[in-house]
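Dear colleague,

A short account of the findings follows it.

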Amino acid sequence: MLSLSLFAVEPRGTGDMGIVIERANGSILIIETTHNSQLYRVEGLGDLSHASAVFSRDERYAYVFGRDGGLSKIDILAGTLVKRVIQAGNSIGGAISQDGKIVAVSNYEPGGVKLFDSANLELLADVPAQYADNKQSKTVGLVDLPNQHFIYSLFEGNQIWLLDAHNPKQPVIRKFTDIGLQPYDAMVSNNGRFYIAGLFGEEGLALLDLWQLDKGVQQILPEYGKDDPKKPVYKMPHLEGWALTDDYALFPAVGHNEVLVADRHTWNLVKKIPVHGQPVFVIARPDGHQVWVNFAMPNNDTIQIIDTLNLTVIATKKPGKGVLHMEFTPRGEAVWLSVRDEDKIQIYGTEDGQLRAELPALKPSGIFFTARAHQSGL
Amino acid sequence: MKYLLLALLPVVTQASEITTQRQEELIYLLHQDCGSCHGMTLKGGLGPALLPDILQNKPVEFLTATILFGRSGTPMPPWSFMLTESEAEWLAVYLKNPKHDEK
């Protein structure tokens with residue numbers, strides 16, 4: 001009887017699918033963006049506050065990185081948990097290698113990065129982030145790079161480490177030291193060339209040209225807020241979601257109600273765009289014409305849209321309290337927002353900015369669509 | 001049970017100024033927003049863990065001041081822009097002894 005019912009299921013692809021983290025419930029929703037519906041809920045994934053996910057190259061499996069150090073492999077077609085390991089005491093995120101064979105996890109406690117076999121979640125290597133005598137750093141901003149590399153930053157260590165995973169059981173590390181104080185997150189341009197770490201301990205960002213490593217780390221946008229006292233930061237910004245247009249790179253300012261615009265060739269500051277609050281995510285629509293911004297509390301009920309041609313805010317919306325994350329559909333016709341305090345997902349059309357649909361979700365946070373499988377650096 | 005245990009706490013005068021609804025808001029803020037650095041279950045993240053056994057040697061006054069004024073050199077911001085002194089103190093007491101939240 002079971003085989004009969006399996007036969008009855010229509011085969012489908014996963015290119016319009018994704019997951020929504022339900023941070024307080026230890027569960028994820030598996031959703032699809034063609035009809036904007038929920039397909040499954042998968043439970044038992046532990047503490048998912050600040051959880052993130054990457055996808056296998058066939059877009060069938062999601063790897064979810066939980067705050068409690070849990071690494072879960074989920075079959076999104078079947079809606080089932082395939083395997084779950086607790087790989088550290090406290091982790092912050094992860095990445096998948098260019099060939100899809102290695103999952104790397106960035107840990108806070110104990111600090112460092114671990115590499116796993118993406119097929120069976122067996123440990124391949126443990127790379128502690130020791131930066132001084134007996135001092136281990138939290139690691140942040142872990143992303144994948146071309147040529148089987150990963151790269152990440154050391155929050156306390158003020159370093160960037162480039163990890164060569166050609167032999168994943170014996171990775172080779174190249175260290176860049178004194179990159180600036182307290183890198184809190186980082187991103188890489190989608191061609192894999194520029195790695196940029198945001199700094200919390202000083203104003204500015206650390207830039208590494210991965211095509212010219214011997215040039216070393218260069219500080220960009222130094223003292224961007226020197227004329228304006230830094231405000232208290234109630235939510236660390238995220239740099240994932242590199243907002244890159246033909247001419248500009250847009251970044252969240254730390255402790256200022258501004259989005260910073262840098263020339264993407266010289267990296268000089270072009271403009272500070274005044275916005276509604278302290279930006280958390282500054283994310284470009286896939287075509288780069290719009291950038292959507294959400295904010296730290298107490299302004300996290302609002303999002304703004306920036307037109308990247310004239311670098312001005314063109315729309316302000318109030319989706320509700322606790323807008324934590326935004327994810328564009330692969331070609332950008334729609335964007336999904338998690339509205340944590342109202343237990344719902346909102347879906348907007350990006351051409352007219354109109355609300356198209358809502359879905360219930362329990363304290364939703366991160367939203368991740370399968371198209372990420374084919375983008376480097378996420 | 002909730003009120004009985006609360007009444008045993010030393011700062012009952014401050015705590016009693018905070019309505020039950022506001023207490024629920026503060027607990028929500030603690031787990032959801034403080035939790036973005038300290039972990040939703042307060043086991044730590046970018047910020048340190050805030051579990052009772054870790055905080056047992058930290059005086060309520062110290063925790064209250066940390067909440068209100070932040071810690072320079074770290075990402076801990078001053079919450080005095082959003083919380084009153086008695087609310088910060090209520091949270092400090094709650095952190096050291098969250099048992100009265102158990103139903």
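The notes below cover the cavities, the chain contact and the salt bridges.

This is a predicted model, in which local features need pLDDT of at least 70, side-chain atom pairs count only at pLDDT 80 or more, and totals for chains, interfaces and linings use all residues. Residues are numbered from 1 along each chain as its sequence is written, chains are lettered from A and ligands numbered from 1 in the order in which they are written, and side-chain values use heavy atoms, with hydrogens and water left out.

Cavities

The structure holds four cavities of 30 Å³ or more. A cavity here is a set of points, on a 1 Å grid over the protein atoms alone, where a 1.4 Å probe fits but cannot get out; lining residues have an atom within 4 Å of a point. A volume is the space filled by probe spheres set on the points, which are joined across faces, edges and corners.

The largest cavity contains about 690 Å³ of space. It is lined by 40 residues, and the closest to its centre are His50(A), Ile92(A), Asp185(A), His238(A) and Phe281(A). Among the elements that give two or more residues to this lining are strand S8 (90–96) and strand S30 (323–328) of chain A, together with helix H3 (20–38) of chain B; helices (H or I, at least four residues) and strands (E, at least two) are DSSP runs, numbered from the N terminus.

The second largest cavity has about 80 Å³ of space. Its lining includes Arg340(A) and Asp33(B), and strands S27 (290–295) and S30 of chain A each give two or more residues to it.

By the rule used, a side-chain nitrogen of Lys or Arg lies within 4 Å of a carboxyl oxygen of Asp or Glu.

Salt bridges overall

Over all chains, the count comes to 18 salt bridges. In one of them, Arg41(A) pairs with Glu22(A), with the closest N and O atoms 2.7 Å apart. Arg41(A) lies in strand S3 (residues 37–42) and Glu22(A) in strand S1 (residues 17–22), both of chain A, so the pair ties together parts that are 19 residues apart in sequence.

Yours sincerely

Conventions
1 Å grid on protein atoms, 1.4 Å probe; cavity = no way out; pocket = protein on both sides within 12 Å on 5 of 7 lines; lining within 4 Å.
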